[in-house]
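Thank you for making the time this morning.

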Amino acid sequence: MATIFIPAQLKELSSGIGHVDVAADNVGEAIRQLDARFPGMKQRLCAGDELKPGLQVAIDGKMSSRGVLAKLDVAREVHFLPVIGGG
Amino acid sequence: MSKKIHVTTTINGEPIEFLCEARHSLLEVLRDSLGLTGSKEGCNNGNCGACTVMLNGVPVDSCLVLGVEVEGATIETVEGIAQNGELHPIQQCFLEGAALQCGICTPGFLVAAKALLEKNPHPSEEEIRFNLAGNLCRCTGYDKIVRSVQAAASQLQETTS
Amino acid sequence: MKAATSDEYKILGTRPIRHDGADKVTGKAKYGADVQFANLAHGKILRSPHAHARIKSIDTSAAEKVPGVFAVITANDFPDPQDKIADLGEGPVTLSHLGSNVMARGKVLYKGHAVAAVAATSTHVAEQALNLIQVDYEILEPVLWVLDAMAEDAPLLHENVFTDSMGEASEKPSNIEKHLHFEKGDIEQGFAEADIVIEREFKTASVHQGYIEPHVATADWNEDGQLRIWTSTQGSFTVRHQTAELVGIPLSRVTVYPCEIGGGFGGKIAVYLQPVAALLSRKSGRPVKLVMQRDEVFEGTGPTPGSFVRVKLGAKNDGTLTAGKAWIAFDAGAFPGGPIGPGCMCVFSCYDLPHATVDGYNVCNNKPKTQAYRAPGSTHVAYATENVLDEIAGELDLDPLDLRLKNAVKEGSRRVDGPVYPEIGCVEVLEAVKNSEHWNAPLEGPYRGRGLALGFWFNCGLKSSATANVNTDGTVTLIEGSTDIGGSRTSLAMQLAETLGLTAEEIHPQVADTDSVGYTDVTGGSRVTFATGLAVCKAGEDIQKQMRQQAAVLWDCDANEIEISGSTFSRNGNSISFQELAAKQLQLGEPIVGRATVAPDCSTNGFGAHIADVEVDPETGKTTVLRYTAIQDAGKAIHPSYVEGQMQGGAVQGIGWALNEEYFFGDAGDMKNASFLDYRMPTCLDVPMIETIIVEVPNPDHPFGVRGVGETPIVPPPAAITIAIHNATGVYMRELPASPPRLWKALQEA
């Protein structure tokens, strides 16, 4: 069971709920469950079946490049964040 | 296409002849005609010092000198600093002191620093900073460059005393 | 892999001479502009004199007739990339924007925007031809200042850019291309709990990365359709990808040969010249070299955003922070994209705030497309937060160091953007400040003051590959793909040497082209020593595994029975050295080649604090930096000289940002100071020695504990310098740079 933190800008879809616990194998499945509970979530987070360009997922503080395929088997926390480059 | 002019000069101890157009800078001649690409172009207007060479014993920005002006002159570039397969102490000290990161400004700094130490073997930190202020470095913050020049000054002093 | 304590290391922490050192002090090292070919043509680019204009027509016919001209191209020579978005290693890029930045399509969006290019027998002939290209412009009103560009009635740069608010687009097109919002806790409750609340506004000017080597690319479009590119870049693989997309050929038809690189700092990741040189080469049938002049670098390549930042902090009387609120607007420049995300994520990243909100806006305006610059976005916001924090310390009569220590983030602190920090060194860095000689030294005299500021940067992981060939003489050739901007060949060789029990000199590192090494992301994000280092360590383990098997052949035993200590392989009293085993490898089995690829999913979280002592001349407003110390958590300093060098170099870039550097724009949006004489970067006469203190809190995600180092050092300086100016004069400088005229005016008004 992982806690999905709902981005502040998407709380308008969750009636202000900030995080939900989800039992999912990966991020894509977690988003599908979120969308079932809060319709419109997937459209805001995904382009097709992938995360929107410019978004990344952080699992227990670690940025993952695997997007919707990132595993959640031992995850405790999931955050959706802007991608970070560097100089 | 303008007509080329014949120029005779001495570069790093060797007599060299070349042809250049009146508009060609010494830097262009060194890099493009003679293949001496150690002198670097950072600004092409005398502000960065990456193209510093010795012209008749004086450090100059070679981008501000015309090729035709060096008729009969003696030029020393970064390629002429190491002698007989051995690095000069200023080069060795730059390596040991980690005075370069990307290295693009290094040839200009080496020529300018060597010129300073030949004129003033015991420069103060302030004198080093003043004399190298015409050479820009964006990587190091200058600390290790100044310290390496200080180290080279000490080393040259030991070898001459 | 086991973590070891420092005194167990033989190589790490020493200071060997860099492998490319002799080449770089003798002028032999080959930088991008140094490549030469037979039949080489020289290119030049025609650039827009206007900051904002519609291109009605371009007539290149007269230029094409100049004797010695081989090819002239415009945007029409490029394929239309349409709406494709490509991930180019450091994030997604809309290819139509990237392409239109390389060569303007329909509109020019900043002075210096490329509109056409010529290849000729020499740059002088190419310049003559450029003068004959007729461009008919319809001049439009430019908008430069970020807040002006956000106004409803601002001149619009793009009809097809809408404000993205986390997946929802605005109804009307807008210069505001992105709005981000983060929140933690209950902001109103947080400010209600505060005994003191201070809110201030800050502005920063556009500043350039200022690498001394201008952009350069040479392309050879071969008769067999293969395209070869020699260039100065932070990432040869991203140049390959970008160029292939923009010229419309498969990736595999492009090989990028990375030359030595004369500085990047984030500004040599996006392509500018490479696709242009490629198409000029295809059209002219010759290799074509393009080199920028310095004014082209300033006017045509990435500055970092100018910014407006409002920060509000609340604290209890004992200094405990209760709430923070930030409103951030960054220049995107001509096209969408930029560091607004990390800017928002860094504004409160050093402090444990129970309640906070952050709003960020990325805004298109008529400046060159902004590019990454060392810890992109973090310097702007740290400048604001640290100054407000300093003002709170003053109002509450608290020691500014104690106030920071009281609120510093530590393992387990939750960031405003959500995630929780793993093991980090923020508190340890502040403790090092407290124990430093500088912090405890007296500073006396009129118009003198000391400033302290803290800074943070994530540091990236991304992808790296390495191959290591064991030679029969017992040395190892290391092949990797991270272009070396500051000694990384050596910091990587040292990690392989430590792994194998060899000396740094026994490793021969090479930076390879895109056909000769596995995929490797950019030299950026402070990632090379960490991530490519991780690949190198693993390649070393792969070598050990193979050599253990060869020793097992030698001793007719199971490979698992063989122990490795340093460079010695042993079993039951038998032992053989790495060198001896390397010499026997062709007799005992297959040639030994170690390989590894990595994709570490982590940021390595670098914290740094800087102490600045300044003296202000009240007659002129000039600030002199008297003494400066940079303190930083490096995790583990592999080559301490290069770690110090990053700290010193970043500090001086930050001092330039704080005191002098800025783009001056005229009313027509034209940059007025596009030279090193007028864009005033620090010279060695402008700065003192930069003292350094390296703190080592090991990174749990690296076998030696390495954290990224390169970017964090640019974050604290503008804050540390302006806080020091306040302590010297009583004046807070809330606009950068705190240049002599600006500071003089502030002193007059105080």
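**Salt bridges, interfaces and cores**

Let me start in chain A, where the side chains of Lys42(A) and Asp49(A) come together in a salt bridge, with 3.1 Å from N to O. Please keep in mind throughout that this is a predicted model.

A second pair in chain A is Glu29(A) with Arg32(A), whose closest N and O atoms are 3.3 Å apart in a salt bridge. Both residues belong to helix 1 of chain A, which covers residues 27-37, and they sit 3 residues apart, about one turn of the helix. Glu29(A) is partly exposed at 27% relative accessible area, and Arg32(A) is partly exposed as well, at 45%.

Let me turn to chain C, where Lys111(C) forms a salt bridge with Glu299(C), and here the closest N and O atoms are 2.7 Å apart. Because Lys111(C) lies in the loop between strand 6 (107-108) and strand 7 (114-120) of chain C, while Glu299(C) lies in helix 9 (residues 294-300), the pair ties together parts that are 188 residues apart in sequence. Over all chains, the rule gives a count of 56 salt bridges.

Now to the interfaces, beginning with chain A and chain C. Here 31 residues of chain A are in contact with 42 residues of chain C, and the area buried between the two chains is about 2,600 Å², with 59% of it coming from carbon and sulfur atoms. On the chain A side, Gln9(A), Ile84(A) and Gly87(A) supply 25% of the area that chain A buries against chain C, more than any other three residues. The rule finds 5 salt bridges across this interface, and one that I can show you is between the side chains of Glu77(A) and Arg414(C), at 2.5 Å from N to O. As for which elements take part, helix 2 (41-45), strand 5 (55-59), strand 6 (62-64) and strand 7 (77-82) of chain A each give two or more residues to the side that touches chain C, and strand 7 has the largest share, with 5 residues. By residue type, that side of chain A divides into 14 nonpolar, 10 polar and 7 charged residues.

The other interface I want to describe is that of chain C and chain B, in which 58 residues of chain C are in contact with 52 residues of chain B. Between them these chains bury about 4,400 Å², 58% of it on carbon and sulfur atoms, and Val25(C), Cys684(C) and Met689(C) supply 18% of the area that chain C buries against chain B, more than any other three residues. The rule finds 4 salt bridges here, among them the one in which the side chains of Asp34(C) and Arg31(B) meet, at 2.7 Å from N to O. The count of residue pairs in polar contact is 26, again with both at pLDDT 80 or more. Helix 1 (21-26), helix 4 (123-130) and helix 18 (640-659) of chain C each supply at least two residues of the side that touches chain B, with helix 18 giving the largest share, 9 residues.

Glu644(C) is placed in that helix 18, and at 12% relative accessibility Glu644(C) counts as buried. Leaving aside neighbours within four places in sequence, Glu644(C) is in contact with Lys144(B), Arg15(C), Thr692(C) and Ile694(C).

Finally, the cores. The largest nonpolar core has 184 residues, of which Phe94(B), Val276(C), Ile328(C), Phe348(C) and Ile721(C) touch the most other members. Helix 11 of chain C (residues 378-396) gives the largest share of this core, 9 residues. A second, separate core of 44 residues includes Ala531(C), Ile543(C), Leu588(C) and Val706(C).

Note on methods:
Residues numbered from 1 in each chain as written. Chains lettered and ligands numbered in written order. Predicted model: local features only at pLDDT ≥ 70, side-chain atom pairs only at ≥ 80, totals over all residues. Heavy atoms only, no water. Contact = heavy atoms within 4.5 Å. Buried area = accessible area lost by both parts, 1.4 Å probe. Polar contact = N/O pair within 3.5 Å; in protein donor to acceptor, adjacent residues only side chain to side chain. Helix = DSSP H or I, 4+ residues; strand = E, 2+ residues; numbered from the N terminus. Buried < 20%, exposed > 50% of the residue type's maximum accessible area, 1.4 Å probe, protein only. Core = buried A, V, L, I, M, F, W, Y, C linked by side-chain atoms within 4.5 Å. Nonpolar A, V, L, I, M, F, W, Y, C, P; charged D, E, K, R; others polar.
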